[in-house]
Amino acid sequence: MPSGRTHDRITLWSLPVIVGLSMLATRNAKITLLLASGYLFSGLMFGPDLDIHSVQFKRWGLLRGIWLPYQKKMRHRSRYSHGFLIGTAIRVVYLLVIVGAGVGVGGAIAHLLFDLPWDWGQAWQQSQAFAQTHALGGVALFIGLELGAMSHSLADWTGSAYKRWQRRQRPKSTPSTPRSRKSTYKRSSKSKP
Ligand SMILES: [Zn+2]
């Protein structure tokens with residue numbers, strides 16, 4: 001499995017390619033900015049490795065605790081964290097629920113303590129209206145997040161496949177004969193006090 005630093009390098013080196021392809025496909029700087037931001041965010045701190053105590057997890061700083069329930073539920077490198085589309089979709093929904101709950105609780109506390117106006121129905125309507133007017137930007141952001149996650153998963157799978165291939169090659173170059181096993185046993189029994 002590639003290290004966190006390798007994943008970071010892959011994200012940063014491939015960013016110009018993502019920007020170039022997005023500009024070619026959309027001819028829209030705003031959409032490209034959103035897609036590239038999603039790609040960077042996903043590659044550096046919103047990627048599949050949030051399912052373990054990883055560099056991505058640590059980058060959330062004081063907020064890292066919000067990912068602990070996610071880690072408890074996710075088996076490392078399962079398809080629900082590393083899989084195509086589903087991994088990003090689950091993380092986005094998870095984060096939206098947390099942010100929604102945080103805003104809701106914050107609003108309710110502000111309402112109680114400072115008598116600030118807070119209307120659940122109005123807040124829901126406003127968030128829906130925001131989502132509708134920014135739907136295209138949301139899609140671009142999601143595509144960026146997914147591309148960032150897939151660059152990670154592809155690197156993981158390639159690294160694992162390479163290690164498996166290396167393991168298969170090893171026995172051919174250093175065959176373990178019964179004679180060598182016997183001598184190893186003798187050596188180890190000798191070393192005992
Ligand atoms: Zn991973």
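Me: Which residue just after α1 takes a positive phi?

Reply: Arg-27 does, at about 55°. Helices here are DSSP runs of H or I with at least four residues, numbered from the N terminus. This is a predicted model: local features need pLDDT of at least 70, side-chain atom pairs count only at pLDDT 80 or more, and totals for chains, interfaces and linings use all residues. Residues are numbered from 1 along each chain as its sequence is written.

Me: How many residues does α1 have, and what span does it reach?

Reply: The expected span is 1.5 Å times one less than the number of residues. Helix α1, residues 4-26, has 23 residues. From first C-alpha to last it reaches 31 Å, close to the expected 33 Å.

Me: Where does the kink in α1 lie?

Reply: A bend is the angle between axes fitted to the seven residues ending at a residue and the seven starting there. In α1 the kink is about 40° and lies at Ser-14, shortly before the proline Pro-16.

Me: Is Ile-18 buried or exposed?

Reply: Count other C-beta atoms, placed from the backbone, within 10 Å: 20 or more is buried, 12 or fewer exposed, in between partly exposed. Ile-18 is buried because 22 lie within 10 Å. His-7, Thr-11 and Ser-22 of α1 are buried too. Leu-21, also in α1, has 13 such neighbours, so it counts as partly exposed.

Me: Which residues is Ile-18 in contact with, leaving aside neighbours within four places in sequence?

Reply: Contact means C-beta atoms, placed from the backbone, within 7 Å. For Ile-18 the partners are Ala-36, Tyr-39 and Leu-147. Its C-alpha is 8.7 Å from that of Thr-32, 14 residues apart along the chain.

Key:
Helix = DSSP H or I, 4+ residues; strand = E, 2+ residues; numbered from the N terminus. Contact = placed C-beta atoms within 7 Å.
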